[in-house]
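Hi,

Here is the structure I promised to hand over. Please open it beside this email; my notes follow.

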Amino acid sequence: MTGSVARMAGYRYEFETELFRWASRRELYVFARLPLEVSEEIRLQPHPPAGFDSVKVSVTLGGSRWSTSIFPQSDGSYVVPIKTAVRRAEGVELGDRVRLGVETLL
């Protein structure tokens, strides 16, 4: 693989969560919050260093799968951005409850 780094899969979690708008921005950024118990498990795992204390993950929503990062919040949870293209492909909108798969990457 030229120009890319292969990453091994860590742990996989599946859960239901609600899509919400990131309140501190004017642009429409949509996120989903990981449950506190999942966030705590992820926080305790070893991860390669990343900016803003983020963790690299692979996310599955319906038939869509993509790589991104999850970001820690002051309440102890992590949040994951949900791309516009994914929301359109999966027919989901702000406020919808969705089933996400999140797999940490090592």
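Glu-103 sits in strand β6, residues 97-105. Helices (H or I, at least four residues) and strands (E, at least two) are DSSP runs, numbered from the N terminus. Glu-103 is buried, at 13% relative accessible area. Buried means under 20% relative accessible area, exposed over 50%, and partly exposed in between (1.4 Å probe, protein chains only). The side chain of Glu-103 makes a polar contact of 3.2 Å with that of Arg-65. A polar contact is a pair of N or O atoms within 3.5 Å; within protein, one must be able to donate a hydrogen and the other to accept it, and residues adjacent in sequence count only if both atoms are side-chain atoms.

Before you go further, some ground rules. This is a predicted model, where local features need pLDDT of at least 70, side-chain atom pairs count only at pLDDT 80 or more, and totals for chains, interfaces and linings use all residues. Residues are numbered from 1 along each chain as its sequence is written, and side-chain values use heavy atoms, with hydrogens and water left out.

On confidence: pLDDT is the predictor's confidence in each residue, from 0 to 100. The chain has a mean pLDDT of 89, and 88% of its residues reach 70 or more. Residues 1-6 stay under 50. For that stretch the model has one contact beyond four places in sequence. Contact means heavy atoms within 4.5 Å.

Next, the core. A nonpolar core is a set of buried Ala, Val, Leu, Ile, Met, Phe, Trp, Tyr and Cys residues joined through side-chain atoms within 4.5 Å. The largest one has 22 residues. Those with the most contacts inside it include Leu-34, Ile-42, Leu-61 and Leu-100. Elements giving two or more residues to this core are β1 (9-21), β2 (30-33), α1, β3, β4 (64-72), β5 (78-81) and β6. The most comes from β3, with four residues.

Val-38, Ser-39 and Ile-42 are buried. They cover an arc of only 100° around the axis, which puts them on the same side of α1. That arc is taken from the directions from the helix axis to the C-beta atoms. Leu-36, Glu-37 and Leu-44, on the other side of α1, are exposed. Beyond its neighbours within four places in sequence, Ile-42 has contacts that include Tyr-13, Leu-34, Val-55 and Thr-104.

Trp-66 lies in strand β4 and is buried, at 7%. Its contacts, leaving aside neighbours within four places in sequence, include Val-57, Leu-61, Ile-82 and Val-86. Trp-66 and Ile-82 are 16 residues apart in sequence and 9.6 Å apart in space, C-alpha to C-alpha.

Now the rings. Rings of Phe, Tyr and Trp (its six-membered ring) pair if their centres lie within 6.5 Å; planes under 30 degrees apart count as stacked, over 60 as edge-to-face and the rest as tilted. The count is two aromatic pairs. Trp-22 and Phe-31 have ring centres 4.9 Å apart and planes at 45°, so the pair is tilted. Trp-22 is partly exposed, at 23%, whereas Phe-31 is buried, at 10%. Ring pairs link Phe-20, Trp-22 and Phe-31 into a cluster.

Last, the backbone. Most residues other than glycine have a negative phi. Phe-52 has a positive phi of about 60°, and Asp-53 also has a positive phi of about 60°. Phe-52 is in the loop between α1 (36-44) and β3 (55-61), and Asp-53 is in the loop between α1 and β3. Phe-52 is exposed at 76%; Asp-53 is exposed at 59%.

Best wishes
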